[in-house]
Amino acid sequence: MASSKEEMDHKLTFRKFEDGDYTWGNFGDQIFNEDTSHKCPTYVHRTPPCQGSCPSGEDIRGWLQIVRGIEKPQKEGMSMQEYAFLRSTDANPFPSMMGRVCPAPCQDGCNRNHVEDFVGINAVEQYIGDTAFEQGFKFEAPAKLSGKTVAIIGGGPAGLAAAYQLRRMGHASVIFDDHDELGGMFRYGIPGYRTPRPHLNHEIQRILDMGNIETRMQTRVGKDVSVEQVEKEFDAVLWALGCQSGRGLPVEGGDAPNCVAGVKFLEAFNTGRLQVTADRVVCVGGGDTSIDVVSVARRLGRIEKLNKEEAPEHVIGGYVAHDAAYAASREGAEVTLTSLFPKAEMTAAEHEVHDAQREGVTIKDGVMPIKVILGDDGRATALRMATCEMVDNRPTPVEGTEFDIECDLIVSAIGQGGDLEGLEEFDNGRGLIDADKFYAVPNREGHFVCGDIIRPHLLTTAIGQASIAAESIDYYFNDTEIRKRPKVDVHHFDLLEKLQESGLEPKEYEPGEYWGTDKSEFSVHNFEDRAAQEIIPYDELFLGHFPFTPRLLREEHGPDAEQVLGHFEERMKSFTDEQAIEEAGRCMSCGMCFECDNCVVYCPQDAVFRVKKDESTTGRYVDTDYSKCIGCHICADVCPTGYIDMALGH
Ligand SMILES: Cc1cc2nc3c(=O)[nH]c(=O)nc-3n(C[C@H](O)[C@H](O)[C@H](O)COP(=O)(O)OP(=O)(O)OC[C@H]3O[C@@H](n4cnc5c(N)ncnc54)[C@H](O)[C@@H]3O)c2cc1C
Ligand code: SF4
Ligand code: SF4
């Protein structure tokens with residue numbers, strides 16, 4: 001959706017009215033007599049599309065308004081940065097990681113795309129996470145525990161996020177994981193130059209520091225501990241196993257010893273066992289995993305005269321480990337990435353594809369493997385490819401277009417599946433575990449599931465599911481039937497909570513007869529919360545309010561093909577305070593008042609007024625005196641955020 005540089009320089013900002021629309025005969029009549037709607041403004045909170053398209057459901061608009069200084073912390077001494085951190089982690093406890101590697105579906109959904117370019121949500125999120133890391137912000141956990149303990153199987157993003165949300169609800173947990181360290185694919189899949197380990201370790205430790213979250217590492221459920229033992233010891237079980245096995249190449253010769261899975265290649269690298277790769281590497285994929293494989297392969301390079309026993313496939317298979325000293329004699333390796341789809345349709349994030357090319361990876365797109373060519377020793381010597389076309393939705397090789405890519409190592413990164421060895425009773429027949437819409441395992445009381453083991457997707461998806469699963473477990477413990485999930489199922493801004501936080505909560509309702517509610521203290525006058533039902537589209541905003549402002553980019557230090565060998569430093573630099581505030585300032589606050597005063601200034605009747613300073617909070621900044629309002633709807637027209645509906649009336 002992002003606009004090109006050229007478009008950004010020339011495109012006009014949206015205007016609400018066309019040229020000539022101002023030719024009203026009598027301005028006064030139009031405003032005062034000809035509008036017969038008899039409607040008055042009401043203030044309507046809706047979900048912004050950034051939040052609606054974030055699988056974790058983060059209150060993005062909320063933390064952007066905090067960073068830009070519109071929504072202020074209520075607690076004395078709390079900084080803007082800490083307040084923004086608490087808001088963002090309400091849904092997702094990993095802002096530092098997400099700001100770096102989430103492909104940001106929120107940015108695709110952002111309404112600002114209809115002005116010039118999306119808001120740099122990812123960049124501000126990284127800023128929030130990195131500031132929290134530098135300043136050591138902590139999570140609070142309720143002192144009172146429920147007495148219930150959940151067994152969480154899998155200490156990846158889903159399992160950790162679930163432990164965090166459960167602890168916030170007062171439930172303890174024990175995380176089982178078969179690795180040495182927590183983190184799942186954060187640590188064993190994604191390379192450290194994308195998810196820097198100091199930040200990752202900090203974000204994990206911050207969850208464990210909440211207390212009453214224990215870990216049992218190097219423990220595989222289904223092998224070291226049985227399902228029955230887990231059921232006996234715990235009050236509920238959450239399966240967050242992820243997808244640990246890579247799919248092999250489904251072509252003749254695909255089981256050659258030097259054909260390996262992408263996830264295993266990356267695990268060998270991330271645990272430090274794989275120090276160099278082969279002379280010529282070809283990776284089949286097009287998604288995130290394949291990009292990581294080829295980027296790592298370019299960084300590792302090869303060494304002259306590697307012992308046969310130390311060939312990469314033996315290291316990846318876990319039989320040997322390379323000597324760390326090999327790093328000193330690295331030379332560049334030839335690395336090719338092949339993709340079924342054209343470059344523009346590859347599932348990896350666009351900038352990751354560009355980075356890989358800049359680092360010297362050759363990309364062959366729109367092609368498919370048809371055969372692995374084997375040498376006399378049974379090892380692959382080349383991968384035969386052909387141009388790919390879709391026939392009845394199936395990739396099909398075009399005859400006569402075959403060509404060979406000579407290689408010493410083939411890495412298959414065409415998808416992952418679950419490893420349910422010892423847990424076959426949960427297998428839905430496709431190597432995955434079924435979930436109902438509350439993330440409970442069907443017909444298995446007390447068992448819940450979240451993350452990639454339902455269907456491999458993104459970090460943010462696994463974390464969002466963990467939050468809903470934790471809520472379902474809470475209902476289960478409280479013997480409450482799980483109620484319907486809202487249509488827009490995200491972590492909403494809650495005006496009542498905001499009023500409580502500001503010491504402005506409405507008084508208890510006393511039953512009785514009341515005329516109107518504008519002066520009553522038990523209700524919030526003319527506010528409606530439709531956030532759980534509606535996402536506000538761009539055409540309900542007054543986009544003409546927003547001047548053309550190019551997106552601020554993070555500084556990047558990506559290596560080129562000459563510099564990439566042995567380059568394991570992080571590529572993306574965090575925003576400074578000033579940069580974060582400036583970029584957050586581009587947010588249009590879709591669906592929530594951002595205190596611009598337009599409605600107050602333009603109301604011809606002085607009916608719209610600012611709420612008194614000591615009674616005002618976010619979402620409660622303006623109000624209307626209905627005895628003065630004539631229903632002209634100017635306030636609704638000039639409200640940039642779409643917060644005003646002409647709705648109340650008679
Ligand atoms: C190479 C790679 C790159 C990726 N890049 C991105 C990216 O850039 N952006 C993005 O959003 N997503 C990315 N993803 C996807 C993302 O990593 C996953 O969606 C996410 O990690 C899923 O989280 P999870 O907790 O469900 O599973 P995992 O992260 O896989 O964690 C599951 C954990 O459970 C453990 N476990 C499994 N079975 C058992 C058992 N029986 N007993 C005990 N422990 C067990 C595993 O060892 C593992 O530690 C990438 C994935 C890969 C593989
Ligand atoms: S402008 Fe702001 S609130 Fe609106 S969709 Fe974009 S980030 Fe979200
Ligand atoms: S016009 Fe401005 S002050 Fe009035 S409701 Fe809309 S955003 Fe708030």
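Into which domains is the protein divided? The division gives domain 1 (5-137 + 492-649), domain 2 (149-244 + 418-477) and domain 3 (248-415), with bounds taken from an automatic or database domain assignment. The model is predicted: local features need pLDDT of at least 70, side-chain atom pairs count only at pLDDT 80 or more, and totals for chains, interfaces and linings use all residues. Residues are numbered from 1 along each chain as its sequence is written, chains are lettered from A and ligands numbered from 1 in the order in which they are written, and side-chain values use heavy atoms, with hydrogens and water left out.

**First stop: the domains**

Colour domain 1 and domain 3 separately. Their centres, taken over C-alpha atoms, are separated by 45 Å. Even so, eleven residues of domain 1 are in contact with 13 residues of domain 3, where contact means heavy atoms within 4.5 Å.

**Second stop: ligand 1**

Select ligand 1 next, together with the 37 residues that surround it; a residue is counted as near a molecule if one of its heavy atoms lies within 4 Å of it. The closest are Asp177, Asp178, Met185, Gln244 and Asp452. Zoom in on the oxygen atoms of ligand 1 to find its polar contacts (pairs of N or O atoms within 3.5 Å; within protein, one must be able to donate a hydrogen and the other to accept it, and residues adjacent in sequence count only if both atoms are side-chain atoms). Asp177 places a polar side-chain atom 2.8 Å from an oxygen atom of the ligand. For Met185, a backbone N or O atom lies 2.9 Å from an oxygen atom of ligand 1, and a polar backbone atom of His457 is 3.3 Å from an oxygen atom of ligand 1. On its own, ligand 1 has 1000 Å² of accessible area, of which the protein covers 98%; such areas come from the Shrake-Rupley method with a 1.4 Å probe, and for residues only the protein chains shown count as cover.

Which domains each give at least three residues to this shell? They are domain 2 and domain 3. Helix 9 (157-168), helix 13 (262-270), helix 14 (288-300) and helix 17 (459-477) each supply at least two residues, and the largest share, three residues, comes from helix 14. Helices (H or I, at least four residues) and strands (E, at least two) are DSSP runs, numbered from the N terminus.

Just after the helix, Gly272 takes a positive phi of about 85°.

Move to the loop between strand 18 (527-529) and helix 19 (577-584), which holds Arg571. Is Arg571 buried or exposed? Arg571 counts as buried because its relative accessibility is 8%. Its side chain makes a polar contact of 3.2 Å with that of Glu352 and another of 3.3 Å with that of Asp355.

Ligand 2 has 13 residues around it, and Cys50, Cys110, Cys587, Met588 and Cys590 come nearest. Helix 3 (49-52) and helix 4 (60-68) are the elements that give two or more residues to this shell.

Methods. Buried < 20%, exposed > 50% of the residue type's maximum accessible area, 1.4 Å probe, protein only.
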